[in-house]
Amino acid sequence: MDWKKEFKNPPRRYGVYPIIHQRISDAGTLVDAHDRQGFGGIVANLDYTPDFPHNEAEWDKAVNGFRTYIDRGMGAWIYDEKGYPSGTAGGAVLEENPDYEARGILCLKYWMLLNGPQDYRLDVPDGKLISVLLVPADGASEPIDVTATDNGKGTLRFTIPEGAYYIWMFVERRLYDSTHVVHSWSEPRRYVDLFNADATRAFIRSTYEPYAERMGDEFGKNMKAFFTDEPSLIAWNIPEASYPLLPWGIGFAEGFKVRYGYDIGLAMVAVCTGSGPAWIRRRCDYWEYVADTLAQNFFKVINDWCVEHGTVLSGHMLEEEYLTAHVFNYGSYYRSAKEMGYPGIDILCSSPKTLMDEKNLPIGRLAASFADVYGKKECMTEASDLHERMAGTRIPIEWAKASVNWHFAQGVNNINSYYVTDHYTDEQLQHWNRYTARLGLALRKGERYSRAAILYPESAAWASFRPTEHERNSGQDVIMEQVSQSFTNTSWALLKRQIDFDYIDENELTKATPGSGRLEVLTRCYECLVLPCAYVLQEACFKKIIDFAQNGGTVIVVDRLPEFTRESGERAAEYMELLSLRAEGRLHFVTGNDFAPVKDILPATIRLIPYRHAPAFRTYGAMLEETPTEIVCKNMLSHVRVNGDETIVFLCNMGSGDFVGEVVLPPCKTLLKMIPETGETEDLIPEEKISLHIPAFQGVFLVLGK
């Protein structure tokens with residue numbers, strides 16, 4: 001515990017970093033206040049002048065502003081856009097080359113069922129025709145491609161064969177109307193094609209390279225990272241629309257056929273209808289192609305440039321809270337986030353009750369899993385009180401600290417702040433920064449001790465998602481809602497039981513090494529694998545799951561057994577073996593969010609027992625979940641790390657009532673209690689159970705020696 005003294009007065013670099021956009025040129029005024037209030041540094045950018053980003057005088061001011069902060073011992077992040085979503089350099093990228101504009105596919109289904117044989121004439125909508133298909137009404141037969149009958153003027157003439165058919169037309173269009181870029185809080189601005197690596201490099205030339213030329217000596221030192229803000233595929237509508245959209249890029253048709261061996265029109269029909277031969281495989285093919293093309297041509301291109309220049313790409317994506325949005329915004333959140341240096345999130349609220357809303361994914365744990373699984377170490381957040389301010393509320397400082405607890409408990413260790421703080425005193429802000437820095441110091445020690453892994457159900461989401469004409473692709477089929485809800489329920493079931501876990505994807509599972517009660521994934525080792533409604537999986541995953549279960553590993557299946565292979569769309573040969581393992585009790589099945597039947601096999605490092613007789617129980621008891629066999633402290637979050645001979649346990653109370661009770665700990669020779677509120681430490685007698693009192697919205701550390 002040679003860092004115990006440092007805990008009292010932690011390094012300020014672990015404090016909060018306020019985000020500013022239009023005032024870095026006036027750093028001389030800001031830096032005094034931020035320095036006095038104990039902030040760790042800033043997130044800033046070149047000021048937003050009408051000629052952004054080409055004003056040399058403003059570049060000089062920005063560099064001077066950044067260096068002013070650095071000279072005061074503070075750090076900095078670089079925000080990479082004029083507003084959001086990132087990728088346009090304030091419009092400069094498309095002004096340089098309009099061909100870099102984002103494209104999408106309008107998916108038009110003619111409403112009438114057509115019966116053949118008959119001759120037919122068809123006019124197509126505005127845009128570039130990609131594919132026209134006659135889709136058999138039986139839902140099983142192969143669609144008939146009639147695209148070649150286009151006369152080059154937007155009219156097709158063809159013969160409908162015997163039978164009943166629907167017509168589906170897929171037309172490429174520039175994306176703008178009704179999309180995210182029109183409904184941005186920044187400004188309506190045409191968006192770039194994130195599938196186009198040349199467009200990405202143009203963005204780098206406009207924004208990243210000017211910073212490197214002027215501030216490159218501080219990259220990887222006091223300039224921590226670039227912050228990219230909500231780049232995403234925008235092939236979806238915010239208000240109601242007439243027809244669904246799909247993402248699209250230059251060369252998609254050719255590249256898809258080379259990779260998968262058939263025309264992309266067949267995949268788009270499968271995505272829109274869930275019909276035809278091998279529709280599961282074709283849906284997965286389409287979204288995999290989208291996911292990989294995006295990850296490689298945008299996120300990886302920027303992060304590779306950053307690494308070459310001694311820094312990393314950070315920032316956050318769009319609507320991380322919903323698995324469904326992962327599909328239409330990125331193809332796969334996991335594949336894009338994996339290509340970032342420090343993945344992150346945004347949280348626009350600070351109400352503890354809202355932060356603990358189980359309708360949303362605990363996205364802090366999702367983003368921080370990349371720091372743990374892939375050794376990235378760092379994870380960021382754009383934290384804010386925006387929702388409360390929009391409702392006319394100025395939050396108390398206790399809520400700001402509770403938000404910090406919520407983030408760090410999940411593994412997010414960089415707090416970039418959009419908080420409005422002018423109603424706090426300097427002393428309150430100093431305390432908030434010291435509190436944050438204490439958590440940042442302690443929860444960077446060693447590695448997170450995750451003994452459970454939750455599978456990111458990528459193939460199941462691909463197989464279930466269907467684009468709609470409704471707002472944000474709402475109106476999904478029941479199975480997509482089930483996959484999404486199962487993933488969310490599973491995540492919270494472990495989190496609120498104080499179970500440390502990581503998210504892994506199918507690609508990592510296929511490479512995992514099952515052992516005696518162990519599943520080794522890269523440098524991580526798990527005792528428990530949880531499968532949330534992963535009814536479609538890569539074929540190799542089935543064998544890994546069976547080997548792990550047969551060798552003493554704990555496998556928990558939620559809502560639905562793995563059944564179909566992603567490669568064929570057919571039932572896996574191993575499906576019957578999974579049924580046998582379930583019957584033998586070597587594969588455990590739960591439904592919904594009822595994890596009580598498996599509570600004793602979840603790998604818990606600690607366990608909480610509230611005191612029913614304590615006066616505080618009257619208020620805290622309302623925040624428990626009780627069954628005949630289990631009491632769940634659903635507002636208590638935890639984070640366990642192993643640092644050499646030390647085990648560091650962080651507990652925080654997100655509830656509005658005090659927690660009074662016991663914590664059951666692993667055996668240890670020494671035990672230290674550390675209070676982030678004050679920086680004080682206290683040696684305790686090592687016992688199996690110790691009493692704890694954690695006030696509302698506060699946290700505590702327990703450090704177990706040897």
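Predicted model: local features only at pLDDT ≥ 70, side-chain atom pairs only at ≥ 80, totals over all residues.
Local features need pLDDT of at least 70 and side-chain atom pairs pLDDT 80 or more, while totals for chains, interfaces and linings use all residues. Residues are numbered from 1 along each chain as its sequence is written, and side-chain values use heavy atoms, without hydrogens or water.

**Sheet**
- Two bridges join β1 to β14 (residues 414-417), and Pro 18 has Ser 417 as its bridge partner in β14.

**Aromatic pairs**
- The model has 39 aromatic pairs, counted for Phe, Tyr and Trp (six-membered ring) with ring centres within 6.5 Å; planes under 30 degrees apart are stacked, over 60 edge-to-face and the rest tilted.
- Tyr 260 and Tyr 289 have ring centres 6.4 Å apart and planes at 75°, so the pair is edge-to-face.

**Cavities**
- There are five cavities of 30 Å³ or more, a cavity being a set of points on a 1 Å grid over the protein atoms alone where a 1.4 Å probe fits but cannot get out.
- The largest cavity has a volume of about 70 Å³, taken as the space filled by probe spheres set on points joined across faces, edges and corners.
- Its lining (residues with an atom within 4 Å of a point) has 14 residues, with Ala 102, Arg 103, Phe 195, Leu 233 and Ile 234 nearest the centre.

Note on methods
1 Å grid on protein atoms, 1.4 Å probe; cavity = no way out; pocket = protein on both sides within 12 Å on 5 of 7 lines; lining within 4 Å. Pairing = 2+ DSSP bridges. Helix = DSSP H or I, 4+ residues; strand = E, 2+ residues; numbered from the N terminus.
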